[in-house]
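Trainee: I would like a close look at a single part of this model. Please take me through it step by step.

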Amino acid sequence: MTTPARPANRHHKRPRGEGQWALGYREPLNKNEENKKNDDGLNVRQRIIDIYSKHGFDSIDPADLRGRMRWYGLYTQRRPGIDGGKTAILEPEELDDRYFMLRVRIDGGRLDLRQLRAIADISNLYGRGTADVTDRQNIQLHWIEIESVPDVWERLEAVGLSTTEACGDTPRVILGCPLAGIDAGEVLDGTPHIREIHDAYIGDPAYSNLPRKFKTAVSGCPAHCTVHEINDVAFVGVVNERGEAGYDLWVGGGLSTNPMLAKRLGVFVTPEQVSAVYGGVIGIFRDYGYRRLRHRARLKFLVSDWGVERFREVLQTEYLGYALPDGPAPETPRGGRRDHVGVFPQRDGNFYVGFAPRVGRLSGDTLHLIADIAERHGSDRVHTTVEQKMVILDVAPDRVDSLVAELEAADLRVNPSTFRRQTMACTGIEFCKLAIVETKAVASDLIDELERRLPDFTEPLTINVNGCPNSCARIQVADIGLKGQLVVNDAGEQVEGFQIHLGGSLGVDAGFGRKVRGLKATAAELPDYVERVARNFTKQRDEGETFSEWVRRADEADLK
């Protein structure tokens, strides 16, 4: 009897599945996926109300504590006194404090004074006065006890706010221009389309188990203030060849440890199609997204592997059932800064006033003060930006000067230095369990030093300070991006410091910052370093040259 020949490829292993539901991989391939299959994150709300808030922190199931509670904007904060060297070596329960960070979801950055005061009251009653404006238009509070959460929700929901899907593997807050509907130069008002997406998809169990977080931007802003280049999906206002206003669709952006810029699909989306197209993109992510490895589970990896042609084809054939026409690319962004700081006219004859809190850090009392100042000057709207700033809308011309004076007196700068205006910082080691170094205080001290040393420096210069590699503060697309890590100082001691990225940018010439070999600084050395590089830029720049353009041609010696 002849023995059958073995296949020539007997040593070739079958490619390992990536956990894509659409390809039949429905069994969980890691602990996170198993937890989500065991129970939808949206279901934790009732347990918080009925059990955890009544029986206290020790009653919380660990799978809820470090997983599903994120679906309602709740993360345990870092236990005080744990230094950055222990961040990666301690178990989660050793890092956990018995208090929570709570993220209030603010889609489009839109707040009225009743909502702003509700957040301020919650901050003072339950959050020890904490309040940070984030670079995704949310407001975060700290020191929240589980017993307080049901009352917090009642207070928020009474004014039309919530924490639903503010975190977790969900469609998170939808970014929008804070000037939507009032900017005379906008392509179109994205407000109704943000509302349609929110109402159709947020809190829907059909979209509450995604491979990872899903970030969205919808805007017709001529300054491109919603940083569409680094969102999972973005609708960017354009006008087609027939003069119709609609959106250019971008997919697959994201930073963290594997940064990628979003890619244009090259289609024109009418305002009436936005909700359906959004549903198609998020559906592709849910069904085809990679679920095996958490670090490869963002949409950007699928877009990178597929390419835009295949992504567009799947969107049209499997999810929409119709083809989208080709469309134009967005116009060049208006202006050199995308933060809406300053005093500018609205289309209705009134003015908006944008101001800069110090690295987004506020307090309950300050939020109340902002609401009072706005109300005294006839405004009922205070919006947030993606640069950790705020904007008061609808100020009559004869009230602008008085309002500006009150804001400036409260250290809420309407005419800030470059350094106050363009320095951002993530939460950092004060509260974040992932952080390695302090950020808010370091960034605030850096602003003070640079204002003192370089009082005449006026060129745009973004300085983004991050406490770990995850890039919550967008370090790779900053002029000077500072990634927190432990470094050795001149005395041979291990201290808090930063790896330095230089020359990142968004807009016309978008790209990631340059890493110069061995370029690091301790926290104490930062003012000296930034001053030195800023002076080199001032001396060497050509007329009209930006910092990122200069970095690309500068000698390494001038960047150190």
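Trainee: Which strands does helix 14 lie across, and at what angle does helix 14 run to strand 15?

Mentor: First, the basis. This is a predicted model, where local features need pLDDT of at least 70, side-chain atom pairs count only at pLDDT 80 or more, and totals for chains, interfaces and linings use all residues. Residues are numbered from 1 along each chain as its sequence is written, and side-chain values use heavy atoms, with hydrogens and water left out.

Now the helix. Helix 14 covers residues 440-453 and lies across strand 15, strand 16 and strand 18 (494-502). Contact here means heavy atoms within 4.5 Å. Helices (H or I, at least four residues) and strands (E, at least two) are DSSP runs, numbered from the N terminus. Helix 14 runs at about 165° to strand 15. Axes are lines fitted to C-alpha atoms, for helices over the stretch in contact, and angles run from 0 to 180 degrees between N-to-C directions.

Five strands make up an open sheet with mixed pairing, ordered 15-16-17-18-19. Strand 15 (423-425) and strand 19 (514-522) are the edge strands, each pairing on one side only. Two strands pair if DSSP finds at least two bridges between them. From one strand to the next, the twist averages 30°.

Look inside the sheet. Strand 16 (residues 463-466) and strand 17 (residues 480-488) run parallel, joined by four bridges. Asn464 stands opposite Gly481 in strand 17. In general, strands of a sheet pair through backbone hydrogen bonds, either parallel or antiparallel.
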